[in-house]
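Hi,

Here is the structure we talked about, handed over for you to open in your viewer.

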Amino acid sequence: MAGTSLRLHNTLSRSKDVFTPIDPDNVRMYVCGPTVYDFAHIGNARPVIVFDVLYRLLRHVYGDSHVTYVRNITDVDDKINARALRDFPDLPLNEAIRRVTEKTADQFHADVKALGCLEPSHEPRATDFVLPRDDGRTDMVSLIQTLINRGHAYAEKGEILFDTASMSSYGGLSRRPLDEQQAGARVAVDAHKRNPGDFVLWKASSEDEPGWNAVFTVEALPFAIRGRPGWHIECSAMSAAYLGEVFDIHGGGLDLIFPHHENEIAQSRCAHGTEVMANVWMHNGFVQVEGRKMSKSEGNFITIHDLLHTEKFGGRKWPGEVLRLAMLKTHYREPIDFTVVKLEDALREIERWERFVQDVEPAGEPDPQVLDALADDLNVSEAIGRIHALLHGGEAASALASLRLMGINPVRKTDVGSEVHEAVRQRLAFIAAKNWAAADRIRDELLAKGIQLKDGKDPTTGERITTWEVKR
């Protein structure tokens, strides 16, 4: 929408700046996706939701066909590789990896769809970008060779490493002095580095380890190394493959600033000879669960699948739009304590919105003040406050369009169909008329169908509310 000015907090500049795309006809964004070794957890859900809102906002401002969003799948990982070699020793490595990760990748797609997220424009798998490609898109081996040719990488003890001392501005994103930094590569690095901060680009594989056959030219001599790529080179290759050498926005979690994003920048800038890799770097805050850091050892490791399909958290299953709203109500750059109370608050809020918009046609434009709030570094809290005002002011159509801009559709019913929603509405009307017999009849009829009603009060307005769930 012409005239809308986006203001985004840029980790690189440490300031909130007006966003000016390189090419308004092709706004380009890359976000680091999941490693599909296991089911995605709620920490993985946060960047997916946050950058989906930004993607929707960019599409609204610049047009659906003028935004390219790339979110990768990391399926190059030592644990994945080892399992692929163990379980499918007779298959080519890429095919074996695809077999190992098929279930977790499919589950990730189902999870993020339930969270109301749009599909990205492209979702490259790391395994498809290790070796040179027939279509000429950027690959990891060729990118590493370019770094060698430009004097930014060296070979030592069967590895190719990035020479951090070759880049005078290394560390600009995290702003850490070079002598305080660690390698941070996914695979172990021994003491043969020229500098403590040097990191692996290509790691040699032994005969009993999975790997790809690659040949590099080092000091004018061929250097064959059967191995696998380091972590950081993956995203440098895949982003360049679809977005070019310099693009508009790079996103991910706060934990990726160093070493992952710092090293992405180093590789990409040195390989391409550019001043930047991406103009804007955006990072969402950490997620903890009920006041504690999430970990399997703490017993609070919660997957998206758990929340959607089991009763492990709060004793019930949670609809995807409830998870989405609970995440978005905390500003994306702030840490979030993911609690049952937050989910319950989000559920009540969505149920309130349902009562306002259940008969509204899904048409119209988002409210300009909601749009301005989202354009101000995704200020969802302010946007929601404006939506409350719209609903109470009788502007339900504008409120619904505004909610949909954030990927929230309170009209959709997750646990029951529209006929149950209508039955609940009729029952509330009978209660208001003190026709208790008719109200009880509806409750009993629904219970016989496996639908249990729960009456309560809205903590904000004090009015009676009824929620429901399917009893299995």
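**Gln145 and its surroundings**

Leaving aside neighbours within four places in sequence, Gln145 is in contact with Val215, Phe216 and Thr217, where contact means heavy atoms within 4.5 Å. Gln145 itself is found in helix α4, residues 140-149. Helices here are DSSP runs of H or I with at least four residues, strands are runs of E with at least two, and both are numbered from the N terminus. The side chains of Gln145 and Asn149 are joined by a polar contact of 2.8 Å. A polar contact is a pair of N or O atoms within 3.5 Å; within protein, one must be able to donate a hydrogen and the other to accept it, and residues adjacent in sequence count only if both atoms are side-chain atoms. Gln145 counts as buried because its relative accessible area is 14%; the cut-offs are under 20% for buried, over 50% for exposed and partly exposed in between, using a 1.4 Å probe and protein chains only.

Before you go further, a word on the model: it is a predicted one, in which local features need pLDDT of at least 70 and side-chain atom pairs count only at pLDDT 80 or more, while totals for chains, interfaces and linings use all residues. Residues are numbered from 1 along each chain as its sequence is written, and side-chain values use heavy atoms, with hydrogens and water left out.

**The annotated sites**

The UniProt record, an unreviewed entry, has a "binding site" annotation covering Cys32, Cys235, His260 and Glu264. These residues are spread over 233 residues of sequence, yet they cluster in space, with a largest C-alpha distance of 11.1 Å. From this set, Cys32, Cys235 and His260 are in the lining of the largest pocket. A pocket is worked out on a 1 Å grid over the protein atoms alone: it is an open set of points where a 1.4 Å probe fits, with protein on both sides within 12 Å along at least five of seven lines, and lining residues have an atom within 4 Å of a point. Bear in mind that UniProt positions are in the numbering used here, feature names are shortened, and annotations may be inferred rather than shown by experiment.

Cys235 sits in helix α5, residues 231-243, and is buried, with a relative accessible area of 2%. Not counting residues up to four places away in sequence, Cys235 touches Tyr30, Cys32, Asn72, His260, Glu264 and Met277.

Glu264 belongs to helix α6, residues 257-272, and is buried too, at a relative accessible area of 0%. With the residues up to four places away again left out, Glu264 touches Cys32, His232, Cys235, Ser236, His250 and Met277.

Is Lys296 buried or exposed? Lys296 counts as exposed because its relative accessibility is 58%. It lies in the loop between β13 and α7, and touches Asp38 and Phe301, not counting residues up to four places away in sequence.

Thr303 lies in the loop between β13 and α7 (304-309), but counts as buried at 8% relative accessibility.

**Strands and a covered helix**

An open sheet is formed by three strands in the order β13-β12-β14, with mixed pairing; two strands pair if DSSP finds at least two bridges between them. Its edge strands are β13 (292-293) and β14 (336-338), each pairing on one side only. Strand β12 (residues 287-289) runs parallel to β14 and is joined to it by three bridges, with Gln288 opposite Asp337.

Elsewhere, β5 and β6 form a hairpin with two residues between them, and Lys157 in the turn has a positive phi of about 50 degrees.

Finally, helix α12 (residues 396-405) is mostly covered, with eight of its 10 residues buried. Those buried residues pack against α1 (42-62), α9 (340-357), α10 (368-375) and α11 (380-392). Just after α12, Gly407 takes a positive phi of about 80 degrees.

Cheers
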